[in-house]
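Please read the notes below alongside the sequence and the model, taking the points in order.

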Amino acid sequence: MEYIKAVLETLKLSIKDRFILSLFGILVLLAIPFEGTLHLEWFYRKFTWLIVLLTMFFIATLVGDFFESKQRELEEKRVSEQAQAKKHEEQLRYKAYVLGLEGRKKAMVYAMYQNDMHRNYLSIYDSDVLDLLGHEVILPTSKRQIVAHFGKTTVENKEIQELYILAPRVVQIIEESQL
């Protein structure tokens with residue numbers, strides 16, 4: 001049982017330490033032809049099998065770590081490629097939405113595009129504005145104004161407008177489509 005605990009503890013060593021131990025085992029085994037010169041006959045007779053087993057064990061763990069790290073790299077690469085493909089698909093869907101705008105929404109977007117700063121005041125209660133805002137075609141700012149309609153004096157009849165700007169990627173899509 002104690003030997004198993006010792007083996008499990010060696011698995012917790014860093015890759016560098018396991019590499020050094022396997023290299024040391026290989027060097028000790030390479031010195032077998034010199035056992036007579038070094039007066040190590042007794043050592044090699046008793047411990048050669050243990051050194052061989054430990055060296056093979058450490059080399060096997062290093063090979064296993066190598067293949068595990070390669071598998072992890074391949075998995076990370078696959079995940080990043082999938083994320084990139086998903087992002088590209090989302091960009092294509094967004095571009096199709098922007099270029100497929102019709103009616104009042106298209107008129108609002110192109111009116112904002114024609115403005116020098118790509119901005120315009122729009123009613124905050126307009127359903128088309130809320131849809132464009134939900135699809136992130138236009139972005140809100142904190143600047144508001146109250147527009148009173150001619151002849152109406154009550155607060156309910158006044159329209160609250162907010163300054164909206166075109167999203168930068170919408171400007172880029174419109175410029176690319178006009179080329």
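1. Which residues does Thr55 touch, not counting residues up to four places away in sequence? They are Ser22, Gly25, Ile26 and Leu29, where contact means heavy atoms within 4.5 Å. Thr55 has its place in helix H4, and with a relative accessible area of 5% it is buried (buried being under 20% relative accessible area, exposed over 50% and partly exposed in between, with a 1.4 Å probe and protein chains only).

2. On the basis of the model: it is predicted, so that local features need pLDDT of at least 70 and side-chain atom pairs count only at pLDDT 80 or more, whereas totals for chains, interfaces and linings use all residues. Residues are numbered from 1 along each chain as its sequence is written, and side-chain values use heavy atoms, with hydrogens and water left out.

3. On confidence: pLDDT is the predictor's confidence in each residue, from 0 to 100, and its mean over the chain is 83, with 91% of residues reaching 70 or more. Confidence is lowest in strand E2 (residues 138–147), at a mean of 72, and highest in H4, at 90; helices (H or I, at least four residues) and strands (E, at least two) are DSSP runs, numbered from the N terminus.

4. On Arg18: this residue belongs to helix H2 (residues 15–30) and, at 6% relative accessibility, counts as buried.

5. On helix H5: the buried residues of H5 are Lys105, Met108, Val109, Met112 and Tyr113. Seen down the axis of H5, they fall within an arc of 135° (taken from the directions from the helix axis to the C-beta atoms), so they line one face of the helix. On the other side of H5, Gly103 and Gln114 are exposed.

6. On Val170: leaving aside its neighbours within four places in sequence, Val170 is in contact with Tyr94, Val98, Val109, Glu136 and Val137.
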